[in-house]
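I'm opening my notebook to look up how side chains pair up in this structure. Here is what I'm looking at.

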Amino acid sequence: MLTFALFVVVCASDPTPDRRVEWVRANASPIRAIEPLARDAVDDFADLRPLQALIGDATIVGLGEATHGTREFTTLRRRIVHYLATECGFDVLALEGNFAEGERLFELVRGAPGSLNDATRDLAFWCWTTRELEAVFEDARARTASGAPLDVVGIDMQLPRASIDHVLGFLATHDVALEARVRALYATAQQSAIQHGTVCCALPIDAMGGATLRISAWLRTEDVGAGDVQLFARADGPSGFLARGTMEPEFAGGSRPFTQVSVLIGLPDPTTRVQFGVILRGGRGKVWIDDIGVEADGRAMPLPFDASFEPGVEPGVEPVVESASAPPSAPAADVPTSSLAAWSSALAGRTPSARHAFAIDDRVARSGTHSLCVSAIDGAEPPTPEQARDAATTALKAIEVGLSTTTEAAAARALRHARVVVQGFTWAADETRASREVAMADNLAWWREQLGPGTKVIVWAHNGHIARSPDALGDVLARRFGSDYVSIATTTGRGRYRAEAPLGIDVFDLATPPRASIEATLLRSGASACLLDLRRARTDAAAAWLLEERPFRFIGTEGTDDQFQPMVLPNAFDGVLWIADTTPTTPLGAGP
């Protein structure tokens, strides 16, 4: 995520504010409706037809958003997608979402059995798991079923695990020896992300939204660094991550006897699961965990698994043990039975770690005879990000050779996933954002090639991606496709938005636009919603003020008070969609 300071720009050549407002009023095309009509209603699209003049013959259109958590950005663009598909022949919606998860949406939209709701949840990032975006996917499936296809694909590559699974799954049925070699290389690559030793457990939670949990455990340490041991908790809902809690204050370093620590976490509605656990950071020391307890609003809560690691425990839910770079990014899976044997089985079955070992210790305990121990392995170091990238690249080359004589479509798809894996590890080793933008452009171009001549694509992404700014996706597309690419940003003046907060996903206020910003001018114009064709500003002397650097709203995944970055708008975008007042998106599973 990029964070920018607030800029107030005063330009000596500015016309008076009233003249800026006059220019906007003279050049803006009003939009009458932010909300799409019902699917069985007929929209004449009269207010959206200026888009056709702006787009012209372009076959790739970027539709941006100033925040990932604004409801009206999605609903207006949903209506625009319907217009572009119905009136302008666009037939692909390319999402700033992971390639593998987007492929599942592609299959469902084309009629494969399964739940669009589940596929939307699987998009991993909170900003995509919303009711508003699920409705966009439902529109696409309904159009496709009616004989007017609108494919949905993902072009991002931040999380390559699902692509790794796809590659290994294909190879397991085609070339077992190659699968074994590639699996080993991918295991090496994945170790680069494992900097911490993490053990976690999942609690099914029913109807506890609004409750506060206190999770406690007794920890003993040996030769750990200050702050390297952490008790954590996270809450998940139907659409994924909701909130997190961490131990306060930090656990002191060194060697300490068993000490009780705890973490508080409020459960937003609708919480359906809580995970908690202990992290050992760094490459030294040990931590023992014993006698875990959970209270809900001050009342002890029975645990469905053995919380003291002793033999002879009644069956319940098996613990889940992981090694990860942070608290798990997806809810842990529940499986039947729990006992000392279950703990041992879970420990033996977790992903191997280059730096940490996990075991039940029958020599150290706070009570009883057993505890769980996480220990750093002396001198063990995981692969560097560069080594991980090289391992993924070696796997790709082996796959290219192994599949060189195979012409089936499934092999081509597996090969693409192998390239997405390389993209993900390349980006992890890249200190700039440039490789991600190039990867998204490559994946978009691959989908265009797969779907055939005449394919017209709508790119659904943040303004920062679709802009023709240096190293952005829009810049890459403009250099590759020239005038065949058009970028249209979306912004707003007032309201609230959803974004990441330190302890979860929260709602934030939009900052008042700086006086020199286009948002301030649009607010003064009185327009509730409109399209502004920025190409006119490139040749109109009365719009010279727009050709100077001005603050433009830019909010990434995290909530912030610094909500504007300087941009020369007509250089970055061909048009701007304006909505004066906006509200936060609605997570999947949220109540009415």
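I began with the charged side chains, and R32, D43, D44, D47 and R79 turned out to be linked in a network of salt bridges. For a salt bridge I need a side-chain nitrogen of Lys or Arg within 4 Å of a carboxyl oxygen of Asp or Glu. The general idea is simple: side chains of opposite charge can pair when their charged atoms come close.

A note on the source: this is a predicted model, where local features need pLDDT of at least 70, side-chain atom pairs count only at pLDDT 80 or more, and totals for chains, interfaces and linings use all residues. Residues are numbered from 1 along each chain as its sequence is written, and side-chain values use heavy atoms, with hydrogens and water left out.

**Salt bridges**

How many salt bridges does a search of the whole structure find? I got 29.

I looked up D151 next, and its salt-bridge partner is R110, with the closest N and O atoms 2.8 Å apart. D151 sits in strand β4 (residues 151-156) and R110 in the loop between α4 and α5 (116-121), so I'm seeing distant parts of the chain linked, 41 residues apart. Helices (H or I, at least four residues) and strands (E, at least two) are DSSP runs, numbered from the N terminus.

Is D151 buried or exposed? It counts as buried, at 5% relative accessibility. My cut-offs: buried is under 20% relative accessible area, exposed is over 50%, and partly exposed is in between (1.4 Å probe, protein chains only).

Then I checked R366 and D291, whose side chains meet in a salt bridge at 3.2 Å, N to O. R366 is in the loop between β14 (356-361) and β15 (371-376), while D291 is in strand β11 (residues 286-296), so this pair ties together parts 75 residues apart in sequence. R366 counts as partly exposed at 40% relative accessibility, whereas D291 counts as buried at 15%.

D574 is buried, with a relative accessible area of 7%, and R538 is partly exposed, at 36%.

**Charges over rings**

R366 came up again here: its charged end sits over the ring of W218, 3.9 Å from the centre. I count a charge as over a ring if NZ of Lys or CZ of Arg is within 6 Å of the ring centre and within 35 degrees of the ring normal. The charged end of R77 sits over the ring of W460, also 3.9 Å from its centre.

**Rings with rings**

I found eight aromatic pairs in the structure. Rings of Phe, Tyr and Trp (its six-membered ring) pair if their centres lie within 6.5 Å; planes under 30 degrees apart are stacked, over 60 edge-to-face, and the rest tilted.

One of the pairs is F106 with W447, which is tilted: 4.9 Å centre to centre, 45 degrees between the planes. F106 lies in helix α4 (residues 99-109) and W447 in helix α12 (residues 434-451), so the pair ties together parts 341 residues apart in sequence. F106 counts as buried at 8% relative accessibility, and W447 counts as buried at 2%. I also noted that ring pairs link F99, F106, W446 and W447 into a cluster.

**One more residue**

I finished with N98, in strand β3 (residues 92-98). N98 is buried, with a relative accessible area of 2%. What is N98 in contact with, leaving aside its neighbours within four places in sequence? I listed G154, D156, M157, Q158 and L159, where contact means heavy atoms within 4.5 Å.
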